[in-house]
Amino acid sequence: MTFTAQQIADFLKGEIVGNPDVEVDNFAKIEEGKPRTIAFLSNPKYTHYIYETKADIVLVNRDFTPDKPVSATLIKVPDAYAALAALLELANSLAPVKKGIEEMSFVSPSAKLGENVYVGAFAYIGEQVEIGRDAKIYPQAYIGDNVKIGNNVTIYAGVKIYHGCVIGDNCILHAGAVIGADGFGFSKQEGIYHKIPQIGNVVLEEEVEVGANTTIDRAVMGSTIIRKGVKLDNLIQIAHNCEIGRNTVMAAQVGIAGSAKLGEGCVLGGQVGIGGHITIGSHSQIGAQSGIISNTPEGSEVMGSPAYPVKNFFKSSIIIPKLPDMYRQLNALEKEIRELKKQLS
Amino acid sequence: MTFTAQQIADFLKGEIVGNPDVEVDNFAKIEEGKPRTIAFLSNPKYTHYIYETKADIVLVNRDFTPDKPVSATLIKVPDAYAALAALLELANSLAPVKKGIEEMSFVSPSAKLGENVYVGAFAYIGEQVEIGRDAKIYPQAYIGDNVKIGNNVTIYAGVKIYHGCVIGDNCILHAGAVIGADGFGFSKQEGIYHKIPQIGNVVLEEEVEVGANTTIDRAVMGSTIIRKGVKLDNLIQIAHNCEIGRNTVMAAQVGIAGSAKLGEGCVLGGQVGIGGHITIGSHSQIGAQSGIISNTPEGSEVMGSPAYPVKNFFKSSIIIPKLPDMYRQLNALEKEIRELKKQLS
Amino acid sequence: MTFTAQQIADFLKGEIVGNPDVEVDNFAKIEEGKPRTIAFLSNPKYTHYIYETKADIVLVNRDFTPDKPVSATLIKVPDAYAALAALLELANSLAPVKKGIEEMSFVSPSAKLGENVYVGAFAYIGEQVEIGRDAKIYPQAYIGDNVKIGNNVTIYAGVKIYHGCVIGDNCILHAGAVIGADGFGFSKQEGIYHKIPQIGNVVLEEEVEVGANTTIDRAVMGSTIIRKGVKLDNLIQIAHNCEIGRNTVMAAQVGIAGSAKLGEGCVLGGQVGIGGHITIGSHSQIGAQSGIISNTPEGSEVMGSPAYPVKNFFKSSIIIPKLPDMYRQLNALEKEIRELKKQLS
């Protein structure tokens, strides 16, 4: 698809500086700009690229004024990043949409599919499943018995949803995600672990996104709950009976142990671990690779394993490489003091 | 399914305190108890919930005596948690069981299936595969050529088992687990890595449970061995030629490098890493996020990366945030000593 | 398959010490050697096993001379490990090769398949896909629309490749790997995260190996690029817009955040985390569980979270368990100095 600067500026209600007739047909990062692409400049630290980019159009913030000549046509908008997102959204909406029930899929006669649902080949829709309108079930997805899936949900290839789980409207589940596998619950008797049946389920509220190969276990009883607007990156583990508050986001490879409760609006860096039965207050920020072993009050900013306030973390991290020197210094001082004491007595 | 307190007490051989005719049809945690549910009280720290729970029945330990009136009917048993497990087991056993070979599955003519095996749609059973009686192969599972699967094994949707692997009786493999992918073995020549073919296999002994999206690599030669009763949570990595001793359990996202040998009855917290060729003694307990880079004697309790005794770990962890202060303090003392020496000379 | 020592020595151009007619039909580690197996001795620390191994043949380096009698037949070669790899390669090449298009696969009429391609049952090949000659697409793999796959690529069971990605010649993708899922990109407005469409792709150059359940996200725009010869172990996360340099290798469970750039020939231990937009110089070595939060120059050898030079890391790690003692010692010294000062004044 080809668009002129004029068409894009009209769509974004932006102001053109340069040639309104220049055409683009793809996006690029400003530092990788090529002819016939549109780039954007939002972070001031990338400003210098605008003078050398080969992109034909650059979206800039309204207050940007170049110091030097710029060969690209500029489109000035209130927020260049948001404008880019809107354009990407537009580009995305023009992509062909999968529709219909492909042959070689398995749909249980007792399943109820809403209007306009896509079911890919080799997808498996179990008994009594309910799927809302405009949902897309890609090939090789597995929807266990009695699962309920809302409207406009996207289930990518190979997602597995165990029986009885509930997926809210507009959720997106990426390939390989596993929803509702058994929680890790055993009773130990004479050194041998006996399985505790896990008869609960997983509930994803609306607008949840689940990354590729992320796993969310079913509750032992009741539900593991992922609240509205939560975004989970790839390869995350959410154990049984956790509850993740609204609009909390987690980077890849985070692990949350059983029955932990996270508040709203938290941000977890990659590879964070949260202990079992821990409560994390809303709007907490937890640095990458942190380990949380005690309850954390609202608005905490912590890092480390075990975690402590992030400001102290970076200060202590500077000292850690100096520890061998400190150790020698400390022992040298002890010696000196002993000698001073000798001299004095 | 509805049960009265009397029916449940009879099944558990427990003693009723309250109304024997009250009916329940679901389980709940005591703090989330609703009418028509049964809860349990085992951990004394939850005792206060028993006076306010809306659950109609609560399982309690025989020695429990309420301080205040309790609206729920109590059932007294020797071990409330074990009794709950027995009830969950009962509830689970009443769930419908998948049976038969679904159409649109692929079963090689040379495969041998035991009595009463379930094969879901889009499951793939390769050449010369042997599957024991009562095994369940869920949809989209892949069983490579020459794999042997024991009796009463459950292979959930989308599990992939490469050729030649062996799965013992009563094992449970959760969705997305990958058994027998190539170990990560390369020889480096002039900066380029050349693949070492991995011609061994993976052997799971009896009663092993493997979590969702966990990966266990095949041996370069010989077998990667997971002994009887091992329980692995989700997203764990077991590299080639490892041997995991009986009844060892690992929380999610643990990674075990090549040729490591773990003893019996070990407990590994989440996100632990074990180095290659390491030996871990039986009954070791390794705290979450630990990194093990040297052999660990039997009965070790360690934590940290690299790991050291867990008691020291928590003591040192308290000091780490104080390091910047210690650093300043140390340098101040050095200065003072220098001045004292000056004064003395 | 059975081979004599003579046949093996001829193939390897090695020299026999012992019985040239002894026959083997399998491989073994020297410490697990059994009759009719061939083992190898490369690492001097295993030398003592050669005097007790039950293997009938042992590959040894040309300069090896036993101190005591050895019952096995020795084959002397320039490099015992490389010779083993060559034999494993030979054994592997004799295994039966999958061929043809299995029924119950889905191949879009617009897809172009090269000569001699294998497509397993329940594999899904989307529109306009191009697959080179000798490629193997195992059962239940998903190849999205417009994907391009080179010659001699192996895609194991259940791999998912999203639309528009490119897989170079001779790549190997293990079961459950997900290539091209959406990058984790959102714009936050009033506490709510809005998805940024991810319209780029993933490009794997030639000879890349991707481990089981590893995930590589598509770029927001442009490409996430994995250069020639990169080897990725299992359960690794590569975020959107990363670029991984030639012949870089990563152990399991590494996580690379968005837009990070790694140079050539780097080696990353297990569970390493690399922050977003970080640059790692070529030939860097990063110890297991390290966290990288700043750019790292070429040839760095670092460890820790946050990482610092590996030599210092091990020295500091020895001190950390002594911190409580140091803390007490420091405070005791401070007290003593105060008393000394009192005495002096």
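1. Two strands count as paired here if DSSP finds at least two bridges between them. Keep in mind that this is a predicted model. With that in hand, look at chain C: β21(C) and strand β26 (residues 215-217) pair in the parallel sense over 3 bridges. Within that pairing, Ile179(C) stands opposite Ile216(C).

2. β21(C), residues 178-181, also pairs with strand β18 (residues 160-161) of chain C, again in the parallel sense, over 2 bridges. Ile179(C) turns up here too, as the bridge partner of Ile161(C).

3. Now for the copies. Chain A goes onto chain C with a rotation of 120° and 0.0 Å of shift along the axis, at an RMSD of 0.1 Å. The two are therefore related as by a three-fold rotation axis.

4. Check the prolines. The peptide bond from Ser305(A) to Pro306(A) is cis, with omega near 0°, and Pro306(A) sits in the loop between β39 (301-303) and β40 (308-309) of chain A. In chain C, the bond from Ser305(C) to Pro306(C) is cis as well, in the loop between β39 (301-304) and β40 (307-309).

5. Asn116(A) has a positive phi, near 70°, though it isn't a glycine. You'll find Asn116(A) in the loop between β10 (112-113) and β11 (118-119) of chain A. It counts as partly exposed because it has 15 C-beta neighbours inside 10 Å.

6. Arg36(C) is another non-glycine with positive phi, near 65°. Its loop runs between β4 (26-27) and β5 (37-41) of chain C. With 16 other C-beta atoms within 10 Å, Arg36(C) is partly exposed.

How values were computed: Residues numbered from 1 in each chain as written. Chains lettered and ligands numbered in written order. Predicted model: local features only at pLDDT ≥ 70, side-chain atom pairs only at ≥ 80, totals over all residues. Helix = DSSP H or I, 4+ residues; strand = E, 2+ residues; numbered from the N terminus. Least-squares fit on C-alpha atoms with pLDDT ≥ 70 in both. Buried ≥ 20, exposed ≤ 12 C-beta atoms within 10 Å, placed from the backbone.
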